[in-house]
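Work through the exercises below with the coordinates open. Each task is followed by a stepwise solution.

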Amino acid sequence: MIEVRNLWKIYRTYEKEEGLIGSLKALFKRKYRDVEALKGVSFTIEEGEFVGYIGPNGAGKTTTLKILSGILYPTKGEAKVLGFIPWERKAEFLKQISFVMGQKHQLWWDLPALESFLLNKEIYEIPSHLFYANLEELSSLLAVEDLLKVPVRNLSLGERMKMELIASLLHSPRVLFLDEPTIGLDVVAQKEIRDFLKRFNKEHKTTIMLTSHYVRDIEALCERVLVLHRGEIIFEGSIKELTRRYSDDKLLTITFEERVPDEIESYGRLLSRDEGKATLRVGRDKVADVARALLESYSVKDIVVEEIPIEDVIREIFLSLGREEDGEI
Amino acid sequence: MGKYRKIIYNVIQETSAYRLNHLISFLCVAIPLLAIIFLWRTVYQSIPSIKGYNEAMMITYYILSTWLGDLTGVVLWWEITSDIRDGNLSNYLLRPLSYQLYFFSTRLGANIPYSLIGAGITIIFIIFLAPDFYIPSNPLTIPLFLISLLLAMLLALQFTYLFSLSAFWLEESSSVNLFVDIFIPLMAGNLLPLDLFPTFISRLFKALPFNYLLYFPIDIYLERLPFSSIFRGFLVEMVWIAFLQLLIAVVWRRGIRRYTAVGG
Ligand SMILES: Nc1ncnc2c1ncn2[C@@H]1O[C@H](COP(=O)(O)OP(=O)(O)OP(=O)(O)O)[C@@H](O)[C@H]1O
Ligand SMILES: [Mg+2]
């Protein structure tokens, strides 16, 4: 469905020269800076998969999605989406994909969203019965039926995002690229969009590639994640595997009969403590030993063992990657 | 084609909110026009004809050039340059849509209400200056004039598109802007009928494609050209249109490779 092999993108940015002399000089020799945004990215995505594409700011996620949706030429490398080379932008290809960017909009600002939808109906040559059926399904799933005739500029950010989603889905794309679709939305709207995407992917078998900095989105939606860092894929697999690979620890929350003993820190990394309760971070293979030792030495009311929240794991991965670069580790 | 019709419709709807703006901006050009008319009246008090233009023809030239100025004018279209520089072009590249035809449609959609208002004001001018306005005598003149107008509009759209695509290469377009805003109107005949320039310059300007934007259609309207010259003009103009279309294709293909789709 999506095949990417050794994809490179180098952005060349020209430095601006000051003043008239500078611009004359620039005519002959322009100073430039090359940014290697993608450095040999390869991956494959199967039909119907919902894949999370994550990585810290500037990793190259958006760049990848732009190349795969055909709006950007790669510097080198190959990519096939639905069997097409994306940047040739064949009409047949464009009719089967969609790219939703959280920070860009395609809707006509001064007109009701419905007008933009009707334009897409013409652009994508959607038959009327399909168009109205899709419109009804999408707008009722997203609960925006009453807003179709309101000028887009009068909609809230969340409502607008839902309209953008509808505009991008009316032609029933087989592949959907989502770049931070929940950015800036409140938790309720985020969840609504999440639920919607989950359902949509299930029912329509749409192949979806999602980037988001909200780990909850990824956790709730993606069976598989690709982690990109400085233009290179550094991990590919399920979220479970990701957490296991990068964090070998578990969380132990112990409730004591009396106050927390002072020696508690010798059993693991103490994350928090209050009157009778302490949370320790302990290596996965030591959990049993630590629990036994605590039970033997103190009167313990309760012990809870948990995985570290994915959010924390990912933050740590990103942090440690950042530090490596700075030579701190 | 349905898509482009819908785009025109959307733009008309969108810009209808700004009808008053159209009216006001048209009045802004109508007032200088009055001054020009009075100037030529004074000139013609001592001379019956200048380079084949009598008073009525000269005044008609300026009335028509004011009305057509916008319909067949070349501009640096800020929507294209900002689409390219701010990455909004992505929205169009993503859909099975020709950006050129999209632009043509929005331009037409914006121009239709504007030129209707313009035509209204032109008619008011004609009524008040009726004795001076030139009415063609040959019944074929008006159809030929309309054909030349359509070709001129097409040519103007092509030039506007081509110059605006320079944004793929230029961070900032003041030099292109200077050419488009000052030199093209000069070469198209917006300021003076081309015959009034020194012979050498007049020949040069008539050899360039810009004269088809304004000077040529008005020349047809004023019946200053024999049919043979009109048809030769049409032929040359169509060759230019074909050539520009090729040039646009080349420029687009190279430009789009430089496009970095900023933002998002
Ligand atoms: N149009 C551009 N011109 C020059 N450099 C660019 C351009 N777009 C992106 N870059 C650079 O390429 C790198 C990757 O950017 P990209 O937008 O793909 O990152 P990202 O993973 O989407 O980040 P974020 O999470 O912040 O959205 C960055 O270093 C960025 O500065
Ligand atoms: Mg991004």
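This is a predicted model: local features need pLDDT of at least 70, side-chain atom pairs count only at pLDDT 80 or more; totals for chains, interfaces and linings use all residues.

**Exercise 1. Which elements does the salt bridge between A:Asp34 and A:Arg12 tie together?**

Solution. 
- Step 1. The closest N and O atoms of A:Asp34 and A:Arg12 are 3.0 Å apart.
- Step 2. A:Asp34 belongs to strand 2 (residues 32–45) of chain A and A:Arg12 to strand 1 (residues 2–14) of chain A, so parts 22 residues apart in sequence are tied together.
- Step 3. Check the accessibility. A:Asp34 is partly exposed at 37%. A:Arg12 is partly exposed at 41%.

**Exercise 2. Find where B:Arg41 and B:Glu55 lie, and name the residues of a salt-bridge network in chain B.**

Solution. 
- Step 1. The side chains of B:Arg41 and B:Glu55 form a salt bridge at 3.6 Å, N to O.
- Step 2. B:Arg41 lies in helix 2 (residues 19–44) of chain B and B:Glu55 in helix 3 (residues 55–71) of chain B. The pair is 14 residues apart in sequence.
- Step 3. B:Arg41 is partly exposed at 23%, and B:Glu55 is partly exposed at 26%.
- Step 4. The network links B:Asp195, B:Lys206, B:Asp219 and B:Arg224.
- Step 5. Over all chains, the whole structure has 21 salt bridges.

**Exercise 3. Describe the contact between chain B and chain A.**

Solution. 
- Step 1. Count the residues: 33 come from chain B and 33 from chain A.
- Step 2. Take the area. The chains bury about 2,900 Å² between them, with 58% of it on carbon and sulfur atoms.
- Step 3. List the polar terms. There is 1 salt bridge between the chains. A:Glu115 pairs with B:Lys6, with the closest N and O atoms 2.5 Å apart. The chains also have 7 residue pairs in polar contact.
- Step 4. Assign the chain B side. Helix 1 (2–15), helix 5 (89–93) and helix 11 (227–258) of chain B each supply at least two residues. Helix 1 of chain B gives the most, with 9 residues.
- Step 5. Sort that side by class: 15 nonpolar, 10 polar and 8 charged residues.

**Exercise 4. Which residues of chain B are in contact with A:Leu94?**

Solution. 
- Step 1. Locate A:Leu94 in helix 3 (residues 91–94) of chain A.
- Step 2. At 3% relative accessibility, A:Leu94 is buried.
- Step 3. Set aside neighbours within four places in sequence. The contacts of A:Leu94 then include B:Leu93, B:Leu94, B:Arg95 and B:Pro96. Contacts in chain A include A:Tyr124 and A:His171.

**Exercise 5. Decide which way the residues of strand 5 of chain A point, and find the sense of its pairing with strand 6 of chain A.**

Solution. 
- Step 1. Strand 5 (residues 97–101) of chain A has 5 of its 5 residues buried.
- Step 2. A:Ile97, A:Phe99 and A:Met101 point one way. A:Ser98 and A:Val100 point the other way.
- Step 3. Strand 5 of chain A pairs with strand 6 (residues 175–179) of chain A in the parallel sense, over 5 bridges.
- Step 4. A:Val100 stands opposite A:Leu178 in strand 6 of chain A.

Key:
Residues are numbered from 1 along each chain as its sequence is written. Chains are lettered from A and ligands numbered from 1 in the order in which they are written. Side-chain values use heavy atoms; hydrogens and water are left out. Buried means under 20% relative accessible area, exposed over 50%, partly exposed in between (1.4 Å probe, protein chains only). Helices (H or I, at least four residues) and strands (E, at least two) are DSSP runs, numbered from the N terminus. Two strands pair if DSSP finds at least two bridges between them. Contact means heavy atoms within 4.5 Å. Buried area is the accessible area (1.4 Å probe) that two parts lose on being put together, summed over both. A salt bridge is a side-chain nitrogen of Lys or Arg within 4 Å of a carboxyl oxygen of Asp or Glu. A polar contact is a pair of N or O atoms within 3.5 Å; within protein, one must be able to donate a hydrogen and the other to accept it, and residues adjacent in sequence count only if both atoms are side-chain atoms. Ala, Val, Leu, Ile, Met, Phe, Trp, Tyr, Cys and Pro count as nonpolar, Asp, Glu, Lys and Arg as charged, and the others, Gly among them, as polar.
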